[in-house]
Amino acid sequence: MSGRKVTYTTISDDELNRLRRQASQASTLSRCNQALQDLSSRNDQIMRQQRQRIDALNTTVSNQNTALANQTAAVSSVRRELRTQIQNVLSESDRRLDRAMRTATERMNEQASALNGRMDALQHQVAAQVESVNTRVQRVEANVQQTADQLGVLLESNATLLDLAREYADTARTINGDTAANYRTELL
């Protein structure tokens, strides 16, 4: 083997046909030169048009910059006027608020004094009513205690009576049992 290698590639029929068409079109030198001159003239024409557009855009940008500078100057003067007006309005509002606050504070102090007087009177009334209720509660507690004592005595009496009734029932059962055992009660 020699040091030379050969590589084969496969091309599709469509690609081969396209390459052949291009080769036949490029074969004529005059056609190529004509195409090159046409391309150069189109390129020059497009360059002129683009330069004209760039010049027009530069003019537009310059006009916009001038308009922006004018608007900026107008906005600055309007801002100064607005600041002055805002400061005037704020100082007047502060004066009005101070007067309103003083008036409101005086009214609130007067109302607070009146409310304090009413609250003192109500506290005295509530204290008197609480005293009255406490007295009544003490009376009721005494009555409840007395009733509880009476109920305790009644319960003791009832317990004694219940014990006596049980004794009586036991005695009656014993007598009844003795009578049935010792006497023939069915003859009676």
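Exposed means over 50% relative accessible area, buried means under 20%, and partly exposed lies in between. Keep these cut-offs at hand for the exercises. The model is predicted.

**Exercise 1. Describe the overall make-up of the protein chain: how many helices and strands, and what share of buried residues?**

Step 1. Take the secondary structure. The protein chain has two helices and zero strands.
Step 2. Place the helices. Helix α1 covers residues 13–26. Helix α2 covers residues 29–182.
Step 3. Check burial. The chain has 188 residues, and buried residues make up 0% of them.
Step 4. The accessible surface is about 17,700 Å². Carbon and sulfur atoms account for 55% of that area.

**Exercise 2. Classify Arg-96 and Glu-92 by accessibility, then describe how their side chains pair.**

Step 1. Arg-96 has a relative accessible area of 53%, so Arg-96 is exposed.
Step 2. Glu-92 has 27% relative accessibility, so Glu-92 counts as partly exposed.
Step 3. Find the contact. Arg-96 and Glu-92 form a salt bridge, with the closest N and O atoms 3.3 Å apart. The cut-off for a salt bridge is 4 Å.
Step 4. Check the spacing. The two residues are four apart in helix α2, so about one helical turn separates Arg-96 from Glu-92.
Step 5. Widen the view. Glu-92, Arg-95 and Arg-96 are linked in a network of salt bridges.

**Exercise 3. Describe the salt bridge between Asp-163 and Arg-166, and give the count of salt bridges.**

Step 1. The side chains of Asp-163 and Arg-166 meet at 3.7 Å, N to O.
Step 2. The residues are three apart in helix α2, so about one helical turn separates Asp-163 from Arg-166.
Step 3. Asp-163 has a relative accessible area of 43%, so Asp-163 is partly exposed.
Step 4. The count of salt bridges comes to five.

**Exercise 4. Which residues form a nonpolar patch on the surface, and is Val-78 exposed or partly exposed?**

Step 1. Name the members. Val-78, Leu-82, Ile-86 and Leu-90 form the patch.
Step 2. Give the area. Together the four have about 360 Å² of accessible area.
Step 3. Locate Val-78. Val-78 is found in helix α2.
Step 4. Val-78 has 42% relative accessibility, so Val-78 counts as partly exposed.

Conventions:
Residues numbered from 1 in each chain as written. Predicted model: local features only at pLDDT ≥ 70, side-chain atom pairs only at ≥ 80, totals over all residues. Heavy atoms only, no water. Patch = residues over 30% accessible without salt bridge, like charges linked within 9 Å, V, L, I, M, F, W, Y side chains within 5 Å. Areas by Shrake-Rupley, 256 points an atom, 1.4 Å probe, with all protein chains shown as cover. Buried < 20%, exposed > 50% of the residue type's maximum accessible area, 1.4 Å probe, protein only.
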